[in-house]
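Subject: Structure handover

Hi,

Here is the structure I promised to pass on. Please open it first, then read my notes beside it.

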Amino acid sequence: MAVSPALYAQFGDGSDGAFSPTGTGATTITFDPAVLGLNPAGDNVFKFTTITIPSNVTILMPADVLRNKPVIWLATGAVNIAGTINIAGAAGATMSSVNPGQARYPAMPGAGGFPGGIGAYLTSAATNGDGYSGGVTTTGNGGQGGFGYNSNQLVPLLGGSGGAGGQIGTGPAGGNGGAGGGAIRIVSAVSITVTGNIYAFGGPAGGGLQGSYNGGNGSGGVIHLVAPTITNSGVLNVNNGSPIGVVRFSGTNLSIGGSVSTGFVTGPFYNPPLPSGVPLVKVVSVNGVAAPNDLTGSALAPDFTISTMSTVSVNIAAAYIPVATVVTLRLSSEQGNDATISCSALAGTLASSTATCTGVTFPQGVTITDIKAVW
């Protein structure tokens, strides 16, 4: 097949070499660019020569280690997936009677997806799921996530939205919403063959405690395969009982068997755009302490320890969010009341801006911080 120079550029230059993870026996590997020494530009576009995932290897792609952005794998050669790529959203936490407040944290989406909402707890209200058409809290359940895409060509490339948190019924704590599935585009100049699995489904809802309501399911994400020849005899799943995502094949010679989530679409081989200006907002420091590279949001292993009951400042960095947008910081506390703080408006440039949240008080115990910008 003849390929124009403009189209060939979309296959990358192979500068990241071959990606061929190995292991003895069943092996699970988190695809962490920092650990693998890949993609210092931080745009999540990886430029391989060939990609080979053996049958005994599972590749995990959680949002926290992949900069909360979709993943694009470019290959100048063949792509063979006999193992598993898992970019699915995590389940919402089911409330435990031991310490229900400690489980109130957003479920982790797959890379490019959006987190789930948090269940109501005592006097703290449930929250909606994040993302486009995210789940809305309702009396009697948590609602569900919506579809994570807004174009038939998947431009921009986005994952699924989160399900909402469950309301309080006769019990003390509603379940958390499931997270949205992530989004991955795999592009090859030669061929893509899948005999294994690619998972991008939304996470299931978490259960409420003692008569409270469950959260909502996260929505499915996106699997997009682009190559002159695409062969599938494996499993491509963007629907695990949650709102369905999208599987799209863009190629000239298609042989689509195996198990593919319903609603998949096919199309001609085309020039997929690379991401430009993917929005990002993150915490960079709390009370003068720099944030770790990978924020986990885990109640069991907190990212920060605050040794004061006084108010502190939280510094925010953003990219490709309009300047003057007001960032919102939400605190979901294990022991105290939840709080929502409006931070200063973003200042700087579209490509790089900052904001400061002042007068922030963290109650005793674990507090999960959720940051959001809406424009």
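What share of the 375 residues in the protein chain is buried? Buried residues make up 51% of them. Keep in mind that this is a predicted model.

**Overview**

The protein chain has two helices and 25 strands. Take its contacts with a separation of 6 or more: 73% of them are between residues 24 or more positions apart. The accessible surface is about 14,900 Å². Carbon and sulfur atoms account for 53% of that surface.

**The parallel sheet**

Strands of a sheet pair through backbone hydrogen bonds, either parallel or antiparallel. N197 has V235 in strand 13 as its bridge partner.

**Strand 18 and its partners**

Now go to strand 18 (residues 280-286). Five of its seven residues are buried, so it is mostly covered. It pairs with strand 20 (residues 312-319) in the antiparallel sense, over six bridges. Strand 18 and strand 19 form a hairpin with two residues between the strands. In that hairpin, N287 takes a positive phi near 55°.

**A buried threonine**

T325 sits in the loop between strand 20 and strand 21 (326-333). Is T325 buried or exposed? T325 has 7% relative accessibility, so it counts as buried. A polar atom of its side chain lies 2.7 Å from the backbone oxygen of P322. Leaving out residues up to four places away in sequence, T325 touches S344, A345, L346, A373, V374 and W375.

**The disulfide**

A disulfide is a covalent bond between the sulfur atoms of two cysteines. A search of the whole structure finds one. It is formed by C343 and C357, with their sulfur atoms 1.9 Å apart. This pair links distant parts of the chain, 14 residues apart: C343 is in strand 22 (residues 339-345) and C357 in strand 24 (residues 353-360). The torsion about the S-S bond of C343 and C357 is about 90°, so the disulfide is right-handed. Both C343 and C357 are buried.

**Aromatic pairs**

How many aromatic pairs does the structure hold? It holds nine. One of them is F114 with Y132. Their ring centres are 6.0 Å apart and their planes are at 85°, so the pair is edge-to-face. F114 and Y132 are 18 residues apart, both in the loop between strand 7 (84-86) and strand 8 (183-188). Y132 is partly exposed, with a relative accessible area of 48%.

Compare Y199 and F201. Their ring centres are 5.6 Å apart and their planes are at 45°, so this pair is tilted. Y199 is partly exposed, with a relative accessible area of 23%. F201, at 15% relative accessibility, counts as buried. Finally, ring pairs link F19, F31, F46, F48 and W73 into a cluster.

Best wishes

Definitions and conventions. Residues numbered from 1 in each chain as written. Predicted model: local features only at pLDDT ≥ 70, side-chain atom pairs only at ≥ 80, totals over all residues. Heavy atoms only, no water. Buried < 20%, exposed > 50% of the residue type's maximum accessible area, 1.4 Å probe, protein only. Helix = DSSP H or I, 4+ residues; strand = E, 2+ residues; numbered from the N terminus. Pairing = 2+ DSSP bridges. Polar contact = N/O pair within 3.5 Å; in protein donor to acceptor, adjacent residues only side chain to side chain. Contact = heavy atoms within 4.5 Å. Disulfide = S-S within 2.5 Å. Areas by Shrake-Rupley, 256 points an atom, 1.4 Å probe, with all protein chains shown as cover. Phe/Tyr/Trp six-rings, centres within 6.5 Å; stacked < 30°, edge-to-face > 60°.
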